[in-house]
Each structure stands twice: as C-alpha cells, then as structure tokens.
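These are my notebook entries on a structure that I had not examined before. I record what I looked up, entry by entry.

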Amino acid sequence: MNYKKTIGIEVHMELKTKEKLFSPTINNYGNLANSNANIIDLGYPGTLPTLNKEAVFLAVKAATVLNCKIRKIQHFDRKNYFYPDNPKNFQITEERKPIGYDGYVEIDDDGIKKRIEILEIHMEEDTSKSIHSKEKTLLDFNRAGVPLVEIVTKPCLHTAKEAILYLEKLRELLLYAGVSDCKIEEGSMRCDANISISKNEKLGTKIEVKNIGSITNVGLAIDYEAKRQEEILENNETLHEETRRYDAKLAKTILMRVKETGNDYRYFPEPDIPYLVLTEEIIKNIQDTIPTSADIRREKYLKAGISPINIEKIIANKNLSDYLEQFTNINLKTASNLLLGDVQAHLNKINKSIFETNFTKEKMITLVKYLDDGIISHKNFKDIVGDVIETDKEIDDILKENGIKNVVDNSLVFNIIQKVINENQKVVEDYKNGNERSLKFLMGQVMKESKGSVNPKVANDLLVEVLNK
Amino acid sequence: MSKYLDLDLKIIHDLLVKKEIKPIDLVNESFERINNNELNAFITIDYEGARKKALELEKIDVEEDNLLFGIPIAIKDNIMVKDLKCTCASHILENFISIYDASVIDLINEKKMIIIGKTNMDEFAMGSTSETSYFGCPVNPWNKKKVPGGSSGGSAVAVSSHITPLALGSDTGGSIRQPASFNGIVGMKPTYGRVSRFGLVAFASSLDQIGPMTRNVYENALLLNAISKKDDKDLTSVETSEDFTRLIGDDIKGMKIAIPNYFVSKIVSDEVLNKFKEIIELLKVSGCQVDYVDINHIDKAPILYQIIAMGEASSNLARFDGIRYGLKVEAKTLEDLYKKTRSLGFGVEVKRRIMVGSYILSGENAKIYYNKALQIRDDLKKSFDSIYKDYDLILGPASSRVAYDLNLNNDDPLKCFMDDILVMHANMGGFPSLALPMGLIDELPIGLQIMGKHFDEATIYKLASFIEKKLDLNLGGIKNEL
C-alpha cells in the first residue's frame with residue numbers, strides 16, 4: 001500500500017507599505033545596510049511601538065482575497081525568544097487573534113477545481129537579516145520591523161503539484177490585490193512546507209522544510225522529502241519532528257535542527273498596543289479599494305477576443321495588465337498585441353517598466369485608433385516604438401518625423417492623387433465610363449508614387465472622392 | 001552658601017523675574033548640596049550640561065507665566081535624557097549613553113527646567129528600598145541609617161534634601177509614593193496614559209507610569225501640568241489637557257471619601273494607623289462624608305503584581321543581551337554570550353524577577369497564572385470603579401510603616417512587596433494616586449495616600465492641598481520668604 005502525503009504550507013509575505021509595522025522608518029528593499037533602522041527597530045530601551053494603519057489595511061485586503069473571515073477587534077501578542085536577528089528578543093505577532101481565519105484559495109488542477117483551506121492569516125513584524133560570513137554574523141536591521149502577513153493552510157494538500165498551484169495562485173492573488181511584491185528572490189515571499197506521510201488516516205510525523213527558494217523548489221522539496229521519509233519508514237526506523245532546509249544544488253533537504261518538545265515562546269498579550277477596532281464600514285472601505293483581481297481581468301480579456309495564451313502572458317506581467325486597466329473604452333485586443341509585441345521587446349531592451357516611460361494613456365488611445373482604422377500598419381508601429389516609449393512627442397509628430405507623416409496628412413495624399421490623375425487621364429476617363437478595374441490601376445499608381453507609405457484605405461477613399469467630383 | 005532652593009517656587013520665580021538671582025545660582029546651589037550631603041542620590045550629575053543650560057537661559061527673558069522656568073530638576077535614571085548615561089542602576093547599562101530624549105524630557109525642556117542629573121534607584125526599578133542599585137543605596141536624609149524607599153529613592157532624596165525642588169520618578173507598584181512617604185514629600189502616580197512612557201525603560205508596561213515628586217502639593221500639580229500630554233509615540237497615552245491646580249483651595253465640604261477596611265487592618269502598624277485616624281477625624285470635622293468600605297479582591301494586589309509585573313519584565317528586559325548595546329561579555333558561542341552577559345550584567349533581584357516572570361509565562365503557566373491574573377485585575381478594577389460611583393476619593397496610609405533600617409529585607413525577597421501592599425491597586429486599575437506627608441513617627445515621616453477616579457487628579461490635589469494646609473507640617477522646611 002502506498003503512502004499518502006499530507007502537506008501544510010506557511011507563507012510569509014512582506015506587505016508593501018511605505019513605513020515599517022511599528023515604527024515610522026521607511027520600508028524599502030535594497031537600501032544600504034542599516035540605513036533604514038531607527039531606535040525602535042533596533043529595540044532601544046525605552047522605545048515603544050506605534051501601529052502602521054496602512055499595514056493593517058493591506059492585511060485586511062490580503063484576508064479578503066483569501067476569502068477569510070475578518071476579525072473586527074485586533075490585538076497583538078509577544079512571542080519571546082532569544083536570537084540576534086530579533087532586536088527586542090520578542091516578536092510582536094498575532095498569536096491569539098489573527099486578522100483573518102477560515103478562508104480558502106481555489107486552484108485549478110487540470111480542470112478540477114480544488115479549495116485549499118486557509119487556517120489563518122496574521123500580521124507580524126519581520127526580523128533583521130543575518131548575513132553569515134566566515135567568522136562573523138552581520139546584522140542588517142533594514143528588514144527589522146517590516147510588516148509581514150503569515151498565511152497558514154490547513155494540512156489539506158496531498159501532492160507537490162497542488163502545492164505549486166496553490167503558491168502560484170496565492171502569489172497572483174496577493175500581487176494583484178496590491179498587498180505585496182511577492183518576490184521570492186528578494187525575500188518578500190518566503191515558503192515553508194510541513195510534510196508528513198502516512199498509510200492511513202492518522203497523520204504521520206511532521207517535518208518542516210523552511211525557507212524554500214522558489215515555488216518550483218517547493219514541489220521538488222515535497223517530493224524529495226516524501227521519498228526520504230518513506231525510505232526511513234520502510235527501513236523500520238522512526239521519524240522525529242525536525243526542521244530541514246532544501247538545498248537546490250544538492251536537490252536534497254538537509255537537517256537544521258531537531259524540534260525540542262513544546263517550543264516555549266511564552267506568548268502574552270502585547271501591553272504597549274491597545275485594541276484596534278475595525279468597524280464594518282472601515283473594512284468595507286478598505287475592501288472597496290482592492291484592485292481588480294487577475295481572474296476578473298482574464299474574463300475581460302477573453303471577452304475582448306484576446307487569445308488564452310496572450311491572456312496569460314499579460315497576467316504574468318502585472319505592469320502590462322495594470323497599464324491596460326487604465327482604459328475603459330479601447331480595443332483591448334489591439335492594445336494587448338502592441339504591448340506583448342514591440343512594446344515589451346523595447347521595454348526589455350531599455351530595462352524599464354511601462355510606467356517609467358513616456359508611453360502615456362493618450363498615446364495608446366491614438367495608436368489603437370490608427371491601427372484599427374488602418375491609418376497605420378503594425379510595420380509602421382515597429383519603426384516608431386522607440387520614439388513612442390522614450391520621447392514625450394505626440395504620435396502625429398512622431399509619424400511625420402519618420403516619413404509616415406503623409407499617411408495622416410490628407411493634403412499630401414491629395415497631391416499624390418492629383419499627380420496620378422494628371423498623368424493618367426485616359427484611365428480616369430475609363431473609370432468615369434464605368435470601368436471598375438481602372439480604379440485598381442490608379443490606386444496601384446498612388447501606392448507606387450507614395451512608396452507604399454500611404455494608408456491604402458485612406459488613399460482609396462480619397463481617390464474615389466476626387467474621381468467622383 | 002545660598003539657600004534659594006529652600007524657598008517656595010513662587011518666591012524663586014519672583015527673584016528670577018526681578019533678576020535678583022539667575023538660573024546659574026540655583027544650579028550651583030544644587031551641585032553644592034549634592035556634594036555636601038553624602039546621600040548617594042545621584043548616579044550621574046550633569047555639571048556641564050546644567051550650567052550651560054542655565055547660562056543659555058540668562059540670555060532670554062524669564063517667562064513670567066512659567067513658574068518652572070530655570071528650576072533645577074532631577075530625573076530618575078530609567079528615563080532617557082539625550083547624551084547622558086541611562087544606567088537604570090544596573091551594571092548591564094553602566095556605560096549606556098542615551099541617544100534620544102524621552103517624551104517627558106522634551107516637555108521638561110519646553111518649560112525650560114534645568115536637568116541636574118540622573119537619580120539613583122533600584123536596579124530597573126525592581127525593589128522598594130533602592131538597595132538593589134548597582135551603584136550603592138542612597139540613604140534617607142531624615143536618618144542616614146534608614147532606607148529612602150524605592151524604587152524612586154534617589155529622586156525622593158533629591159527633593160526631600162532640597163537638592164532640587166522637583167524630580168521625576170516612575171511608579172509600577174508604588175515606586176513614587178512609597179519613597180515619597182519615607183521622605184516626607186509629595187509624589188503622584190498619575191492615571192495610566194496621562195504621561196507618555198516613550199523613553200522610560202520599561203519594567204512592566206501595563207503598570208509603569210512616570211510622575212512628579214515635589215516638596216508640596218501645588219508644585220506637584222504644576223509639574224504634572226508640564227508633563228501631561230498625549231504622545232503619538234506611545235499608543236497607551238491619552239488626550240489630556242487641563243490645569244491640575246484649578247481645584248486647589250476649593251472647599252472640601254461634602255466630599256465623599258471611602259476608606260477600604262483592608263487599609264486599616266492588621267497589615268498596617270499601630271503608629272501609622274493612629275496617624276491615619278487623625279486625618280479621618282480632620283476630614284469628618286471639615287464636613288466630608290467618610291465611610292469604611294469593603295472592596296472585592298483588594299487583598300490580591302501583591303499576588304497580581306508579582307505575576308503581571310514579573311511576566312512583563314521578563315519580556316521587557318530580554319533586549320539586554322550584549323548584541324546591540326550595553327555590557328557585552330565575549331564568549332565562544334552565542335548562548336554563552338547571552339548567559340555570561342546577563343549573568344554578570346543583572347543583579348540578584350532582577351535575575352530573580354526575570355526567572356519568576358519567565359516561569360509564569362512558560363507553556364501552560366501563561367493560562368494558569370498570567371491570563372488569570374489579568375482577569376482578576378479586571379475584576380479588581382471594576383470593584384474600585386463601583387466604589388467610585390458613590391465616592392470621590394479613596395484614602396489610606398501610603399505605607400504600612402516608616403522607613404526602616406538599611407539591609408533589613410536582605411534575607412527575604414518577599415518582604416519588599418509588602419511595603420507596597422497599600423499602593424499597588426492604583427497601578428492595577430490605572431487610577432491616579434498621590435502620597436503626601438501626614439506626620440512624623442519617631443522623627444521619620446509617614447505618608448497618606450489619596451486615590452482618585454481615572455483622570456481626576458484635580459480632585460486629589462484639592463483634598464491633598466487642604467490636608468497639607470491644615471496639618472501645616474512643613475516637613476521640608478520650605479520657606480515662604482527669604
């Protein structure tokens with residue numbers, strides 16, 4: 001009989017706030033070590049915590065998109081343990097009263113919808129970052145006090161694939177809710193997996209694998225760990241609760257520490273922070289500001305006729321999706337083709353996000369209109385994409401400068417048409433006598449004369465207009 | 001040797017306004033007195049800073065409506081004053097120099113008082129004699145063989161010996177009021193939240209409160225005026241803005257006063273009880289309604305204190321680990337560094353309380369002890385609130401006995417809690433409570449405690465001022481004229 005895996009996942013997600021959770025220090029990744037640390041973050045004697053409301057609001061948003069019930073009366077607790085990265089030697093967290101509980105995340109496992117149950121989501125402060133060098137351990141307190149939410153599932157997952165799908169969905173939900181950057185590589189999303197195996201309904205011995213470096217590795221770690229545990233059990237040996245880490249290079253989990261009986265964190269209610277009451281109204285106001293979810297955007301894109309492949313490409317690049325969110329009345333399909341094609345290629349080249357460029361909302365509206373009306377071609381756009389993105393010039397000016405100006409300047413097209421008519425009087429007569437093929441010939445002459453730069457539709461309309469005068 | 005510091009603040013202020021004296025004269029007199037009396041009231045004396053500040057104040061006009069202008073003040077050494085050592089009377093912070101001002105210090109500076117130095121105390125405010133200080137115990141100016149009380153012993157001594165007219169103390173379970181009682185001065189523990197705790201080294205966060213220690217009631221109210229302000233850096237601080245002197249001098253006729261039977265039971269010495277009964281008679285004669293009442297859970301305060309204060313202290317003092325500041329004893333392993341630093345850095349009483357506190361919060365104990373204590377604490381507060389529905393104030397002695405011999409309590413760590421058995425209730429319930437002298441027993445002062453409703457310090461001062469005037473003890477020998 002086979003062993004069944006049971007997996008519970010804990011994710012720490014840093015909240016994207018301006019300031020830290022309990023101090024007014026700036027919350028920003030990547031600054032010079034210890035430049036974002038004040039006396040509160042360093043745990044100086046006499047200092048007291050304040051509470052960053054923005055963090056509470058983001059936590060409410062996170063709880064909402066995870067379909068959690070939201071606790072109206074908030075209170076924090078102290079978790080006491082000694083470690084150098086823990087400046088006060090206690091961490092302020094929500095042990096007894098998590099902000100959200102009893103939620104779920106829905107995943108799509110090859111067409112089968114599954115609900116991953118969320119036990120709770122709670123707020124807490126991050127520790128400082130330990131940097132281990134040969135003989136010393138250095139501490140960077142920039143991270144100390146950064147707001148986190150910890151999201152804990154019930155032990156309800158059974159395959160590595162479910163775990164990967166859950167984490168991808170979780171990441172997408174929180175990223176689109178504007179709660180976190182969800183960057184595993186920068187540590188703003190950190191995953192721990194609790195893995196046990198059993199042949200019956202009784203859960204086996206729980207092994208925790210901490211701080212797994214990517215979502216893919218979570219899957220690898222789960223499968224490796226389940227196999228390792230199975231081998232131990234099959235050898236009639238006993239498993240003990242322990243904490244391990246996943247080494248991606250070795251593709252193995254490695255023992256960090258054996259869990260001692262009953263970790264004693266001496267929790268008690270944080271006396272320095274009074275109760276925080278969230279009314280229905282406050283909660284609703286916060287929820288009203290949650291940006292449109294990825295799934296709702298998917299539906300919208302599908303209705304606009306964007307292909308499923310392109311939809312996922314846009315969703316995977318939240319900046320592009322957010323860019324599209326600015327428009328209420330635009331052909332999303334045309335816009336998405338622009339974005340996923342030449343725009344994204346150029347953005348990659350200059351290594352910028354679309355919001356850091358001069359590609360304004362107005363430019364996009366004009367371009368989509370010109371493309372849809374056939375005023376310019378995709379080939380035209382390819383030629384001007386650099387100017388559109390990098391300069392603050394208007395589209396019409398860019399088109400002119402690039403020799404595509406005649407296509408929009410009717411007087412120039414008119415001149416060409418005049419010239420063609422003057423040089424082909426006989427054909428014009430034929431046309432007027434009802435020879436439809438003459439029009440095609442004249443049109444060919446116009447295109448030839450303009451070296452193909454005029455918009456055929458515009459030129460054709462104008463030509464007919466002139467001929468019929 | 002000048003004696004300006006023996007004068008009433010109003011007189012000193014007049015002299016400053018008339019330019020007959022300068023702030024530097026007061027500062028120099030403070031220093032002279034510190035050096036002439038071997039009281040060990042101070043851990044740090046800021047000669048340079050205080051003189052510099054005094055000279056700066058000479059350059060500006062004396063603020064005529066600010067009686068505190070240029071007045072020397074002593075600060076308990078668990079309150080942060082920028083650029084001065086803040087030792088908490090502990091070896092672990094012996095060389096710790098504060099890099100910021102506590103919020104109360106901002107207010108002291110705003111009123112242009114002059115900080116003379118940092119006063120001696122029980123280590124981390126844990127004790128009721130000041131004997132747990134790493135820097136040796138201050139002595140009682142009334143009798144140098146006696147303890148000054150604690151934990152704000154140094155601040156009480158500074159005021160009673162007229163080194164400074166004003167001092168700040170902190171009170172977690174009587175640490176302002178018991179030394180005030182032992183030194184014949186006035187000490188107020190304000191309502192919890194009245195004074196910002198930002199910059200006060202935390203002992204028990206839910207009980208700690210900074211308060212004024214002065215020679216008389218009026219000056220006490222004046223100092224409380226200066227230091228009460230809502231502070232955004234302390235989430236437990238509340239919006240308050242009022243003049244605490246405003247009821248001083250009002251008639252007390254018709255005031256309703258409750259005396260808990262517990263406060264006049266066997267726990268109080270006969271001599272103290274007799275003094276207290278004289279006060280009760282005085283109040284009755286003056287037209288107050290005085291009733292004896294029973295209050296639920298009133299006898300449980302010392303137990304609650306030991307559980308709550310020590311539980312919180314074990315967590316608050318965890319930050320002193322040798323990693324970021326303070327004493328550090330190098331060791332091969334991290335665990336050894338913690339052990340050695342904390343073993344050497346903390347004194348016996350502090351270590352005892354950290355251990356008891358850690359035990360109380362450990363595993364299931366948190367439920368058995370700490371959470372249950374919080375429930376009973378809530379009930380205790382409600383019992384007091386129900387008394388306050390019918391009465392304006394609650395009275396009792398401020399301590400069960402007068403100052404006793406140094407080293408008396410050394411054999412029994414529980415004894416020191418018994419000193420505060422009458423005053424801890426105010427901390428448990430967050431109530432304001434004041435100690436003021438009610439007389440002398442064998443040449444040693446003894447204090448009266450007046451406890452009031454939340455945020456009703458003004459009524460406490462009203463009664464206190466009346467009693468002070470009637471008794472006319474003038475223990476501090478403050479002169480009303482030169």
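How many helices and strands does the secondary structure of chain B come to? I found 15 helices and eleven strands in chain B. I note at the outset that the model is a predicted one.

**Entry: overall form of chain B**

I looked up the extent of the chain first. Along its principal axes, the C-alpha trace of chain B spans about 65 × 55 × 45 Å. For 482 residues, a compact globule would have a radius of gyration near 23 Å, and the 21 Å of chain B agrees with this. I also noted that 60% of the 482 residues of chain B count as buried. Of the contacts in chain B between residues at least 6 apart in sequence, 76% join residues at least 24 apart.

**Entry: the sheet of chain B**

I then traced the strands. Chain B has an open sheet of eleven strands with mixed pairing, in the order 1-3-2-4-6-5-10-11-9-7-8. Strand 1 (42-45) and strand 8 (289-293) of chain B each have a single partner strand, so one side of each is left without a neighbour in the sheet. On average, neighbouring strands of this sheet are turned by 30 degrees against each other, direction ignored.

Strand 1 of chain B runs antiparallel to strand 3 (residues 114-119) of chain B, and three bridges join them. B:T44 has B:K118 in strand 3 of chain B as its bridge partner.

**Entry: helices across the sheet**

Which strands does helix 7 (residues 217-227) of chain B lie across? I found strand 4 (166-171), strand 5 (186-189), strand 6 (209-214) and strand 10 (433-441) of chain B, with the helix running at about 145 degrees to strand 6. Helix 15 (residues 457-471) of chain B lies across strand 5, strand 9 (393-397), strand 10 and strand 11 (444-452) of chain B. Its angle to strand 11 of chain B is about 150 degrees.

**Entry: cores**

The largest nonpolar core has 154 residues, and B:L448 is one of those with the most contacts inside it, as are B:I71, B:I73, B:I79 and B:L393. I listed the partners of B:L448, leaving aside neighbours within four places in sequence; among them are B:F276, B:L395, B:A435 and B:I467. Apart from this core lies another of 66 residues, including A:V60, A:C68, A:L174 and A:I286.

B:A435 sits in strand 10 of chain B. Is B:A435 buried or exposed? It has 33 C-beta neighbours inside 10 Å and therefore counts as buried. Beyond four places in sequence, its contacts include B:R177, B:V186, B:G447 and B:L448.

In helix 7 (residues 318-325) of chain A, the buried residues are A:K318, A:L320, A:S321, A:Y323 and A:L324. Their cover includes helix 2 (160-176), helix 5 (294-303), helix 6 (308-316) and helix 8 (332-350) of chain A.

The contact between the chains takes 25 residues from chain A and 32 residues from chain B. By class, the side of chain A that touches chain B has 14 nonpolar, six polar and five charged residues.

Finally I looked up A:L51, in the loop between strand 1 (4-14) and helix 1 (53-65) of chain A. A:L51 is partly exposed, with 18 other C-beta atoms within 10 Å. Leaving aside neighbours within four places in sequence, A:L51 is in contact with A:F22, A:I273, A:L276 and B:L235.

Definitions and conventions
Residues are numbered from 1 along each chain as its sequence is written. Chains are lettered from A and ligands numbered from 1 in the order in which they are written. This is a predicted model: local features need pLDDT of at least 70, side-chain atom pairs count only at pLDDT 80 or more; totals for chains, interfaces and linings use all residues. Two strands pair if DSSP finds at least two bridges between them. Helices (H or I, at least four residues) and strands (E, at least two) are DSSP runs, numbered from the N terminus. Axes are lines fitted to C-alpha atoms, for helices over the stretch in contact, and angles run from 0 to 180 degrees between N-to-C directions. Two residues are in contact if their C-beta atoms, placed from the backbone, lie within 7 Å. The radius of gyration is taken over C-alpha atoms; the globule rule is 2.2 Å times the number of residues to the power 0.38. A residue is buried if 20 or more other C-beta atoms lie within 10 Å of its own, exposed if 12 or fewer, and partly exposed in between; C-beta atoms are placed from the backbone. Ala, Val, Leu, Ile, Met, Phe, Trp, Tyr, Cys and Pro count as nonpolar, Asp, Glu, Lys and Arg as charged, and the others, Gly among them, as polar. A nonpolar core is a set of buried Ala, Val, Leu, Ile, Met, Phe, Trp, Tyr and Cys residues joined through C-beta atoms within 7 Å.
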